[in-house]
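Please open the model in your viewer and keep the selection panel at hand. The stops below proceed from one interface to the relation between two copies.

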There are 4 protein chains.
Amino acid sequence: MSHDKMYQINLLKTAKGQIDGIIKMLEDGRYCIDISNQIIAVQGLLKKTNLDVLDNHIKHCVKEAIKEGNEDAKIKELTQILDRLIK
Amino acid sequence: MSHDKMYQINLLKTAKGQIDGIIKMLEDGRYCIDISNQIIAVQGLLKKTNLDVLDNHIKHCVKEAIKEGNEDAKIKELTQILDRLIK
Amino acid sequence: MSHDKMYQINLLKTAKGQIDGIIKMLEDGRYCIDISNQIIAVQGLLKKTNLDVLDNHIKHCVKEAIKEGNEDAKIKELTQILDRLIK
Amino acid sequence: MSHDKMYQINLLKTAKGQIDGIIKMLEDGRYCIDISNQIIAVQGLLKKTNLDVLDNHIKHCVKEAIKEGNEDAKIKELTQILDRLIK
């Protein structure tokens with residue numbers, strides 16, 4: 001498996017572990033704002049993962065498509081994802 | 001445990017399950033854009049959870065503080081979280 | 001006019017001025033990434049304005065409604081705005 | 001001037017006009033939530049503009065760099081902007 005994939009998988013495993021922690025906080029009746037901040041932290045991990053996925057996508061899939069001269073679909077796909085990602 | 005807490009915990013458990021699915025997609029070498037879209041879906045679940053946590057926070061903690069006349073700290077806290085949450 | 005309102009109006013006027021600058025950059029054929037970064041800066045000003053508007057809303061409108069015991073509609077409205085604001 | 005640039009400039013001019021409207025709403029003491037919703041609408045226009053700028057950037061600048069084999073800096077730049085844009 002590539003270094004990037006392991007990095008992405010590790011980020012996701014960390015996110016899972018943090019979600020377990022948030023579930024525990026809810027069960028323990030911890031303060032709402034602390035819980036909300038923890039959810040934001042997990043969102044940060046998922047964003048980081050997604051950025052790495054997209055960075056790799058551009059460096060490999062989009063790049064190959066451009067080299068082969070059939071990039072239109074790839075670029076359209078990328079812009080559609082950006083539309084979903086960008087607030 | 002309150003209905004809201006169970007709802008929030010179920011959302012988080014669903015998010016965990018979906019993260020397992022994304023890890024599998026990475027291990028199987030699935031297409032980057034499909035993986036990115038799945039991460040966005042998990043982000044949506046976490047946002048939903050956080051909104052419910054904050055909605056409850058306003059309905060209970062902030063409301064009580066206002067009734068007791070000592071809301072300044074609570075409102076400041078809420079605005080700080082909004083600052084972190086809002087793009 | 002209140003201090004807060006003047007602050008919000010000044011932020012918006014600054015945002016307008018920066019948009020003029022971006023239009024000029026486009027007319028001058030400036031580099032895309034520089035233009036994109038400038039748009040992000042204006043987004044930051046609008047976020048700041050909106051946070052101040054909401055902070056004031058909570059401190060006055062929501063607070064009054066809670067004091068008068070008819071806060072349901074106000075809190076629902078606030079959560080709906082947060083849903084639109086939060087990515 | 002290219003069609004895309006005119007499209008982006010028109011979006012920005014519309015955003016400016018809407019900001020004028022929000023300033024008027026503030027001066028008229030209009031309801032906070034209505035003002036907040038209007039700011040969100042302007043944010044939408046700016047996002048749309050930025051997406052179009054980035055879409056064009058990928059189709060032209062990034063594509064050329066890849067064709068010429070010197071894409072590393074361009075891709076790094078793009079990922080950095082995505083990091084700023086994505087919540």
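Begin by selecting chain A and chain B together: in this predicted model, the two chains bury about 3,700 Å² between them, and 73% of that area lies on carbon and sulfur atoms.

Next, display the contact residues. On chain A there are 39 residues in contact with 39 residues of chain B.

For the polar part of this interface, turn to the residue pairs. Between chain A and chain B, 10 residue pairs are in polar contact, both residues at pLDDT 80 or more. The salt bridges between chain A and chain B number 2. Select Lys16(A) and Asp20(B) to view one of them: these residues form a salt bridge in which the closest N and O atoms are 2.6 Å apart.

Now colour chain A by helix. The side that touches chain B draws at least two residues from each of α1 (3–27), α2 (32–68) and α3 (72–85) of chain A. The greatest contribution to that side comes from α2(A), with 17 residues.

Finally, select chain B and chain C. The same surface serves both copies, since 100% of the contact residues of chain B recur in chain C.

Key: Residues are numbered from 1 along each chain as its sequence is written. Chains are lettered from A and ligands numbered from 1 in the order in which they are written. This is a predicted model: local features need pLDDT of at least 70, side-chain atom pairs count only at pLDDT 80 or more; totals for chains, interfaces and linings use all residues. Side-chain values use heavy atoms; hydrogens and water are left out. Contact means heavy atoms within 4.5 Å. Buried area is the accessible area (1.4 Å probe) that two parts lose on being put together, summed over both. A salt bridge is a side-chain nitrogen of Lys or Arg within 4 Å of a carboxyl oxygen of Asp or Glu. A polar contact is a pair of N or O atoms within 3.5 Å; within protein, one must be able to donate a hydrogen and the other to accept it, and residues adjacent in sequence count only if both atoms are side-chain atoms. Helices (H or I, at least four residues) and strands (E, at least two) are DSSP runs, numbered from the N terminus.
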